[in-house]
Amino acid sequence: MDPQPLLLTFKLASITSILLLVIAMPIAYWLVFGKFKGRGVVEALIGMPLVLPPSVIGFYLLLAFSPSHWFGAMVEEYLGIRLVFSFPGLVIASILYSLPFMIYPIRAGLQSLPASLREASYTLGKSEWQTFVKVLLPNCKPAILTAFVLTFAHTVGEFGVVLMIGGNIPGVTKVASVAIYNEVEALNYPAANAYAMVLFAITFVILLLVYSINNRLLRVRQPA
Amino acid sequence: MEVDLTVTGHRILALTGPSGAGKTTLLRQIAGLAMPESGRITFGKDPWLDTANGIHVPPQQRHIGFVFQDYALFPNMTVMQNLEFALPKYHNQELIGHLLEIAGLTQLIDRKPHQLSGGQQQRVALTRALVREPDLLLMDEPFAALDPDMQLQLQDLLLRLRRERPFTVILVTHDMGEIFRLADQVAIMENGRLIRIGSPAEVYLKDQTEALFIYGEVLTLERTTEMLTVHAWVDGKIRQFTVPTHWGVQLQPGTKFTLHYSGADVEVRILKT
């Protein structure tokens, strides 16, 4: 078994999850506490990847990323990055595709905190930013951990979007899920099985870890 | 809601009245946590709110202490960290040690809030609110969840802290004992309006030897031609009283009411909740 697709999968999932974490925290905060109209529209847009077939997202991204489209052209001209059939393209697509998996749990975590925590911090003279970083985020650790892992696992399991915009260039865009598909098409079942088993085992271990950590964090919160 | 209220000097003002009268809302507006439709709030010479002139000083700049009903201690921080968080930059750390000592919390500084009893949590909340040395302390039913012994201890702590460094207190409470033990002034609110204000003795006792204000909720009703016998939930106890049927008071199980009894005169008012 060639380990490259597996390594690529985990590289993609790690980079996506870390970037998305940074992007999602302010968006979640804004969704919960922001004062603006049209919240419904924003929420619906973020939730789209949950219901749309990955091939639809992949198709539109393929169009947008292509050098003949203004977006793809702009990125290529100013950043020197071609987004179709490339790793950076996969990262951007994965971020969009996993957006709800990161934002929704963090949003739920922020919503579940009593309003008095935020207000107490304000009356103690702390700014919104200080309150967010020192009070709100540390008290939704379980939600953030869940969000991170869901995003990671969701990116590991990505297939349709990758195939549409990445293809299967070994070492660049050929992730494990695509490799499994290729092996099955070539009737090479033992190889497909090897990739599948590794993905299965690793995702199971990750989820197991998360749930045990979360259970511990939640137990600690219970009053003595 | 329509309220005109002035607190002078370093007094303790108790805000009281039935649930839904607007006490907590008023307290939150003073803190800057809620916005009234229109109005003015000034502290000394500082305007905190003036809707006509578009002034709204955020809670951070009002220099207040606020003690929440649920204490609002930060679960991720120890007792010490909760207090340190409240300390403004470059302020003297010694104040924390001093306050901890008065509040009897020195042994507990490394505990997280969930490892404390209700009374201990409340002591931390009160201490934390005073770390910034506010000139105005706002408290929303701070002692309501504690047993009577603990209430006395905390009230005593509040008075001791004020002896160290005077500050004004506005306190929402339902507890008559608390009003008489702590308050210099009491203001009674009903349906978003201030209906009486004065010293507790003036408000509750003046000209009347047996004056009573009772806030309660109707549990059962028994009607005879002449009289209406009411069982009501009053101050955590079931009480029975009788009023003449011809008063025509629209009481039903679940109705919240005020009964004002001034010796000669009895009046029952029903409150919208």
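Chains are lettered from A and ligands numbered from 1 in the order in which they are written, while residues are numbered from 1 along each chain as its sequence is written. Since this is a predicted model, local features need pLDDT of at least 70 and side-chain atom pairs count only at pLDDT 80 or more, whereas totals for chains, interfaces and linings use all residues; side-chain values use heavy atoms, with hydrogens and water left out.

Let's begin with chain A. Its secondary structure comes to 11 helices and zero strands, where helices (H or I, at least four residues) and strands (E, at least two) are DSSP runs numbered from the N terminus. The C-alpha atoms of chain A fill a box of roughly 65 × 45 × 30 Å along the principal axes. Of the 224 residues in chain A, 46% are buried; that word means under 20% relative accessible area, with exposed meaning over 50% and partly exposed lying in between (1.4 Å probe, protein chains only). Take the contacts in chain A between residues at least 6 apart in sequence: 72% of them join residues at least 24 apart. A contact here is a pair of heavy atoms within 4.5 Å. The accessible surface of chain A is about 11,400 Å², and 71% of that belongs to carbon and sulfur atoms. These areas come from the Shrake-Rupley method with a 1.4 Å probe, and for residues only the protein chains shown count as cover.

Now for chain B, which has seven helices and 14 strands. Its C-alpha atoms fill a box of roughly 70 × 45 × 35 Å, again along the principal axes. Chain B has 273 residues, and 48% of them count as buried. For contacts in chain B with a separation of 6 or more, 59% are between residues 24 or more positions apart. The accessible surface of chain B comes to about 13,700 Å², of which 48% belongs to carbon and sulfur atoms.

How do the two chains meet? On the chain B side, 21 residues are in contact with 22 residues of chain A. Together the chains bury about 1,800 Å², with 65% of it on carbon and sulfur atoms. B:Q60, B:F85 and B:H114 supply 33% of the area that chain B buries against chain A, more than any other three residues. Buried area is the accessible area (1.4 Å probe) that two parts lose on being put together, summed over both.

Why is helix 2 of chain B largely enclosed by the rest of the structure? Six of its eight residues (79–86) are buried, so the rest of the structure largely encloses it. The buried ones are B:V79, B:M80, B:N82, B:L83, B:F85 and B:A86. They pack against parts of both chains: helix 6 (115–123) and helix 7 (128–136) of chain A, along with helix 3 (94–102) and helix 4 (118–130) of chain B.

Last come the charged pairs. Side chains of opposite charge can pair when their charged atoms come close. Over all chains the structure holds five salt bridges, each being a side-chain nitrogen of Lys or Arg within 4 Å of a carboxyl oxygen of Asp or Glu. The count between chain B and chain A is one: B:R28 meets A:E119, at 2.8 Å from N to O.

Within chain A, A:R82 forms a salt bridge with A:E76, with the closest N and O atoms 3.1 Å apart. A:R82 counts as partly exposed at 44% relative accessibility, and A:E76 is partly exposed too, at 27%.

In chain B, the side chains of B:R165 and B:E133 meet in a salt bridge at 3.8 Å, N to O. This pair links distant parts of the chain, 32 residues apart: B:R165 sits in the loop between helix 5 (148–164) and strand 7 (168–172), and B:E133 in the loop between helix 4 and strand 6 (136–140). B:D156 and B:R160 form a salt bridge as well, their closest N and O atoms being 3.4 Å apart. These two are four residues apart in helix 5 of chain B, so about one helical turn separates them.
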